[in-house]
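Let's take a walk through this model, one piece at a time. Have the viewer open as you read.

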Amino acid sequence: MLEIRGLTRRFGGLTAVDTVDLDVAEHEFVSIIGPNGAGKTTLFNLVTGLDDADAGTVRLEGRDVSGLTPEKLAALGVARTFQHGRVFANLSVLDNILVGAHVRFKSVRPAWSGPLSLLEPFAELALALIRPGKVKAEEAQMREEALAILGRFGGRLLPRRDNPAYSLSYANRRRVEIGRALALGPRLLMLDEPTAGMNQTETAEMQQLIGDLKKTGLTIVLIEHKLDMVMQLSDRVVVMDEGHVIASGKPAEVRNDPKVIEAYLGHHRAERAPVEEAAE
Amino acid sequence: MSSWIDYTVNGIIIGNIYALLAVGLALIFGVSRLINFAHGSVYVVGAYAGFLAVTYLDTPLPVTIAVVVVVGALLGLVIERFGLRPLQGYAHIAPLLATIGISFVLDQLVQLFFKPDPRALPSPLLDIRFKVGSGTIGALDLVIAGIGLASAGLLYYFLRFTRLGWAVRATAQDRDAAQQMGVDVNAVNRAVFAIASGLGAVSGLLVGMYYNYIDPSMSFQATLKGVVAQVVGGVGNVPGAIVGSLLLGLVESYGIALFGTSYRNLFAFVLLVIVLVWRPNGLFASKRQTPPEPMTGTFIAPSKPIQIPGKVLAGAAAVAALVPLVFPHPYVLQTLINSWLYALLGLSLTLIAGTVGLVSLGHAALLAIGGYSSALLAINCGVPVGLAILSAGLIAAFLGTVLVFPSFRLRGHYLSIATLAIGEIVSLVILNWEWLTRGPIGVSGIPSLSLFGIELDTDRSVYWFTLGVLAVLAALQFRLLGSHLGRVLRAVRDDDVAARSYGIRLDRYKALAFAVGSFAAGVSGAITSHIYSYINHETFNAQLSILALTIVILGGMGNVTGAIVGSVLLVGLPEVFRVAAEYRVLIYGLVLLLLVRFRPQGLLGTV
């Protein structure tokens with residue numbers, strides 16, 4: 001499904017992502033772990049088009065998508081969440097989810113080819129103002145689906161659906177982000193530390209939700225520091241350090257890989273190695 | 001002046017004067033990431049302080065300069081105290097808007113004290129000119145060059161060898177780190193504002209002596225020139241600002257030599273837009289350099305908008321429609337007609353600056369495009385007035401969007417500056433494109449309003465017409481905001497990166513919002529031209545752009561009802577209380593300043 005070959009990104013003298021190869025099969029759940037600054041988020045940015053690689057290719061379902069804009073990648077079914085949370089602060093919770101579904105609005109966003117495509121925005125404007133039955137039905141259906149997505153988060157978001165996102169707690173904002181990503185109807189879901197800043201209960205709840213998503217057969221790439229969760233959810237774990245992939249395999253294999261232990265210990269001498277912690 | 005040497009000397013001298021302004025702007029941007037729009041006011045105050053000293057105290061040149069520096073520095077401290085310090089932690093655009101407010105207040109105070117008429121500021125130096133090749137250099141030229149060099153030298157010494165200078169450089173590099181290392185950032189800001197304003201004030205004095213002419217309206221152009229020079233050299237880059245200033249001076253001087261005086265500013269602004277769009281880090285930044293901090297320019301204060309039920313709005317519209325029957329007084333009607341016309345402008349800007357987050361500072365240009373289009377279509381082509389107004393709206397939508405489109409990639413301050421420059425360019429093109437626009441003479445004999453062949457020749461009919469247009473466009477805008485487009489536009493404003501990641505093509509939706517907004521502004525300008533029957537390139541001046549922004553912030557960004565309420569309050573109320581025109585601008589400045597500080601979400605809240 002996703003094939004990354006020789007992907008490289010340099011910032012000045014620093015090579016944040018260094019000739020990374022990575023494959024994700026359809027329906028697979030792959031986690032990327034590694035110390036801070038290992039290049040995980042940069043890799044996400046490269047795959048989702050927010051940053052341009054200096055070298056290497058990314059293929060999605062066999063198609064070369066290197067250098068495509070984030071807009072095009074979204075239309076191809078790549079959805080992501082952001083490490084530090086990027087909800088639309090002044091939009092209501094429900095509107096945030098509906099923006100996630102933007103690429104699926106077809107009736108109101110006519111797609112024409114050739115020179116006619118210049119007229120698309122005018123058609124979109126006219127349809128938004130006139131709102132023929134088809135457009136109304138589409139909006140209503142998307143709303144239904146958005147409410148169903150909110151329902152997945154139990155009582156966390158549904159009662160707050162009309163509240164602006166800035167008024168939510170940090171954990172709820174992360175939930176809105178995941179809901180927004182689901183609304184895109186993703187072929188590939190990329191989650192960047194979805195449980196960052198959450199307490200244990202919230203983390204467990206999130207793990208449950210992501211586990212449910214996995215069961216639906218969705219292809220998921222997860223960046224996460226909480227290794228308990230990684231080990232339980234992942235089909236495969238990829239370990240990055242200083243821009244390189246240093247290990248890759250089933251959770252049990254990676255857990256005992258000396259290189260991985262060294263990477264963690266080498267960077268966090270003062271702390272207990274999280275890999276060991278997870279292994280206990 | 002005839003020789004190239006003369007033009008070169010003139011360019012370098014003007015460049016020196018710009019450099020005194022631009023260096024200050026660069027210093028201020030360096031430590032506070034603020035483009036100080038009150039800088040031109042400091043320059044004007046400097047010029048007038050020099051004028052007072054020379055005229056009434058008969059001071060010799062060195063003393064005059066000292067007086068001007070002190071006055072400028074004190075003023076700089078005041079600007080820092082009211083424009084910057086209280087707004088720390090606010091949206092990045094807030095201090096910028098505050099300095100616009102301060103500049104309105106200062107300029108207007110100068111105008112109230114000294115009257116708007118120009119004054120002579122004689123140079124105390126003998127008019128000696130030295131022959132250099134085929135040209136000449138005057139004594140004042142040498143003095144200006146000397147002051148420029150001396151200031152640069154002093155500044156270099158200060159930044160390089162004094163403790164406060166180190167603190168300034170440290171703060172410019174990393175404000176938070178400097179603060180944690182014990183640098184008193186407020187003291188640095190004060191020092192920088194004082195130095196920058198001292199230099200800016202001297203610049204005003206020198207310009208006054210160079211042309212032997214000062215007037216209060218020099219302020220705005222001075223700010224713009226300083227900003228142009230600074231952007232060309234790289235924002236916040238002090239040596240770059242000096243080079244940019246000299247370059248700007250030379251480009252202007254040669255431009256005048258080749259095309260004539262009225263093109264002078266056109267070159268400056270075209271240069272600015274080109275640099276902004278193609279080299280946003282300035283001409284001298286290496287490509288690998290990280291761009292200046294991306295400033296999300298949206299002025300969005302989180303707030304829940306006050307919900308006004310549709311029935312209440314419909315009721316208010318009905319009451320407004322009944323006014324001519326209840327109070328048929330022409331003064332009341334004309335005041336309200338004016339309010340409705342500004343409300344149209346407010347609708348336009350609240351969509352563009354509020355809903356989609358493009359804080360335009362050149363909105364008056366859309367009025368001008370609309371006004372001229374409608375007037376010229378009606379006069380030259382005999383188009384019926386109703387159709388001309390509609391066409392003018394469409395022309396404004398098209399031209400406005402096409403002109404601003406290249407700037408859509410800019411963010412925050414940069415987009416605002418680009419729109420400001422584009423606004424000036426439109427006004428200068430109108431001035432210079434004589435065969436079409438009749439240049440400085442303006443367009444007269446514009447037919448009065450009529451619809452389907454029926455003359456709207458009473459105040460009452462004009463009132464209903466403008467109110468009707470406003471009601472229709474406001475209703476359409478409500479419908480737009482309620483559709484998926486409202487959602488998408490607000491998402492673009494709140495977080496453009498996340499919006500792109502969800503498939504939203506930014507250019508397309510920014511253009512869409514800009515086109516819809518420009519239509520309303522174009523219609524407003526068109527109706528205005530038919531009511532006035534005469535317009536020229538100054539009818540829709542840059543002050544209107546700022547008034548429009550104040551209306552929008554007062555009502556609440558993106559808030560349709562707010563735009564109408566803001567317009568009635570800011571345009572209608574002063575008229576009802578018969579506030580004299582010169583105090584009005586003062587009020588607009590104060591309102592803007594207070595709003596930014598105390599109620600950034602406006603009266604009705606951000607939508």
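This is a predicted model: local features need pLDDT of at least 70, side-chain atom pairs count only at pLDDT 80 or more; totals for chains, interfaces and linings use all residues.

Residues are numbered from 1 along each chain as its sequence is written, while chains are lettered from A and ligands numbered from 1 in the order in which they are written.

**Chain A overall**

Chain A has eleven helices and ten strands; helices (H or I, at least four residues) and strands (E, at least two) are DSSP runs, numbered from the N terminus. Its C-alpha trace spans about 65 × 45 × 35 Å along the principal axes. The radius of gyration of chain A is 20 Å, which agrees with the value near 19 Å that a compact globule of 280 residues would have; the radius is taken over C-alpha atoms, and the globule rule is 2.2 Å times the number of residues to the power 0.38. Of the 280 residues in chain A, 42% are buried, meaning that 20 or more other C-beta atoms, placed from the backbone, lie within 10 Å of a residue's own. Look at contacts (C-beta atoms, placed from the backbone, within 7 Å): among those in chain A between residues at least 6 apart in sequence, 65% join residues at least 24 apart.

**Two domains in chain A**

Where they touch, domain 1 of chain A puts in 15 residues and domain 2 of chain A 17. On the domain 1 side, helix H2 (70-75) and helix H6 (170-183) of chain A each give two or more residues, and H6(A) has the largest share, with nine.

**Strands of chain A**

An open sheet of four antiparallel strands runs in the order E2-E1-E4-E5 (chain A). Its edges are strand E2 (14-24) and strand E5 (63-64) of chain A, each pairing on one side only. Strands count as paired if DSSP finds at least two bridges between them. Here are two antiparallel pairs:

| Strands | Bridges | One facing pair |
|---|---|---|
| E4(A) (residues 55-60) and E5(A) | two | Arg59(A) and Asp64(A) |
| E9(A) (residues 236-241) and E10(A) (residues 244-249) | five | Val237(A) and Gly249(A) |

The hairpin of E9(A) and E10(A) has two residues between the strands, and Glu242(A) takes a positive phi near 50 degrees there.

**Where the chains meet**

The contact between the chains takes 29 residues from chain B and 32 from chain A. On the chain B side, H19(B) gives the most, seven residues. That side divides into 14 nonpolar, five polar and ten charged residues. Here Ala, Val, Leu, Ile, Met, Phe, Trp, Tyr, Cys and Pro count as nonpolar, Asp, Glu, Lys and Arg as charged, and the others, Gly among them, as polar.

**The core**

The largest nonpolar core has 285 residues, and Val23(B), Val45(B) and Ala201(B) are among those with the most contacts inside it. Such a core is a set of buried Ala, Val, Leu, Ile, Met, Phe, Trp, Tyr and Cys residues joined through C-beta atoms within 7 Å. Ala201(B) touches residues including Val42(B), Tyr43(B), Val45(B) and Ala49(B), not counting residues up to four places away in sequence.

Definitions and conventions: A residue is buried if 20 or more other C-beta atoms lie within 10 Å of its own, exposed if 12 or fewer, and partly exposed in between; C-beta atoms are placed from the backbone.
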